[in-house]
Amino acid sequence: MKYTIAEQHTDKTAFILEIKNYFENSEHSIHKARNEIKIIEYSGVNYVVKSFKKPHMINQIAYTFFRDSKAKRSFTNALKIKMFTPDPIGYIEFFKHGLLESSYYISAYFDYDFTIREPLQDQNFPDRESIFKALAHFTYTLHDQNIVHKDYSPGNILIQKKPDGYQYTLVDINRMYFKKFSISDRMKNFAKLGASKEDLRIIIEEYVKTLKENFSILYQEAVYYSDKHQTRLTYKRFFKKLKKKVLK
């Protein structure tokens, strides 16, 4: 095995070394698809543990010898953006026959109230406009610090309501990179939100106030990238259904 623990969390070494057992014995799963996420209590404190599924053979070789695993990337990225993501605790990788078999990323638990998905999908969600405006400022801050979340989608943006506003937090951060944003890059980064044109208008209008660029031009560009992404998803779903029918 290989593991790394954040300096301030070395007291949790025993927890991380036994993470497989803790994970298997926990029934508090909050997400289960390609990978699984569980909330696990240790010494009276809740932590979030993400278990990455066993890679296929090519990726086993790649993650063992040429690329960082998803768990390691999650941890490394979290250290770079600690202001915007739950506190990183550590990661651990397990190997079999010399190849990566499984990996886990452990972070602090963020007690969020909802994700951005809820106000995007529910027209009657309380305080929608304020939430979207706050999202615009949060996104601007990310862009201004050259942080590119490659899956900036509704389920990955967690929100906690505060007395003075909203706190936004990012998760699923293994797919990130860091670079100076062009104007087009900024608008393209909103595409995966799946926001309606009306909601996107509120977000971009607020975003542009900080950027001090022409709203109309940037709004049309944001709509273009959003529509393009939705079209790609539609085709992807269509061919996925077609493939299932052919294989039956």
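**Strands, patches and exposed residues**

Colleague: In which helix is the place of K236?

Modeller: The model is a predicted one, in which local features need pLDDT of at least 70, side-chain atom pairs count only at pLDDT 80 or more, and totals for chains, interfaces and linings use all residues. Residues are numbered from 1 along each chain as its sequence is written, and side-chain values use heavy atoms, with hydrogens and water left out. Helices (H or I, at least four residues) and strands (E, at least two) are DSSP runs, numbered from the N terminus. Residues 215–247 form the helix that holds K236, namely α9.

Colleague: Is K236 buried or exposed?

Modeller: A residue is buried under 20% relative accessible area, exposed over 50%, and partly exposed in between (1.4 Å probe, protein chains only). The relative accessible area of K236 is 60%, so K236 is exposed.

Colleague: What charge has the surface patch that includes K236?

Modeller: Patches are made of residues with over 30% relative accessible area and no salt bridge, with like charges joined within 9 Å and nonpolar side chains (Val, Leu, Ile, Met, Phe, Trp, Tyr) within 5 Å; a salt bridge is a side-chain nitrogen of Lys or Arg within 4 Å of a carboxyl oxygen of Asp or Glu. Lys and Arg count as positive and Asp and Glu as negative, while His and the chain ends are not counted. The place of a charge is NZ of Lys, CZ of Arg, CG of Asp or CD of Glu. With R34, K53, K150, R175 and K240, K236 forms a patch that is positive.

Colleague: How much accessible area does the nonpolar patch of M57, I61, F65 and F66 have together?

Modeller: One of these residues, F66, is found in helix α3 (residues 57–66). F66 has a relative accessible area of 68%, so F66 is exposed. Accessible areas come from the Shrake-Rupley method with a 1.4 Å probe, and for residues only the protein chains shown count as cover. M57, I61, F65 and F66 together have about 480 Å².

Colleague: How many residues of strand β6 are buried?

Modeller: Strand β6 covers residues 99–108 and is mostly covered. Of its 10 residues, the number buried is eight.

Colleague: How many bridges join strand β5 to β6?

Modeller: Two strands pair if DSSP finds at least two bridges between them. Strand β4 (residues 45–52) pairs with β6 in the antiparallel sense over six bridges, and V48 has S107 in β6 as its bridge partner. Strand β5 (residues 88–96) also runs antiparallel to β6, with E93 opposite S103. The bridges between β5 and β6 number eight.

Colleague: What is the phi of H97?

Modeller: H97 lies in the loop between β5 and β6, where the hairpin has two residues between the strands. At 75% relative accessibility, H97 counts as exposed. Its phi is a positive value in a residue other than glycine, near 55°.

Colleague: Which strands stand at the edges of the open sheet of three strands?

Modeller: The order of this open sheet is β7-β9-β10, with antiparallel pairing. Each edge strand has a single partner strand, so one side of each is left without a neighbour in the sheet; these strands are β7 (114–115) and β10 (165–170).

Colleague: Which residue in β9 does F114 stand opposite?

Modeller: Strand β9 covers residues 157–162 and pairs with β7 in the antiparallel sense over two bridges. In this strand, the residue opposite F114 is I159.
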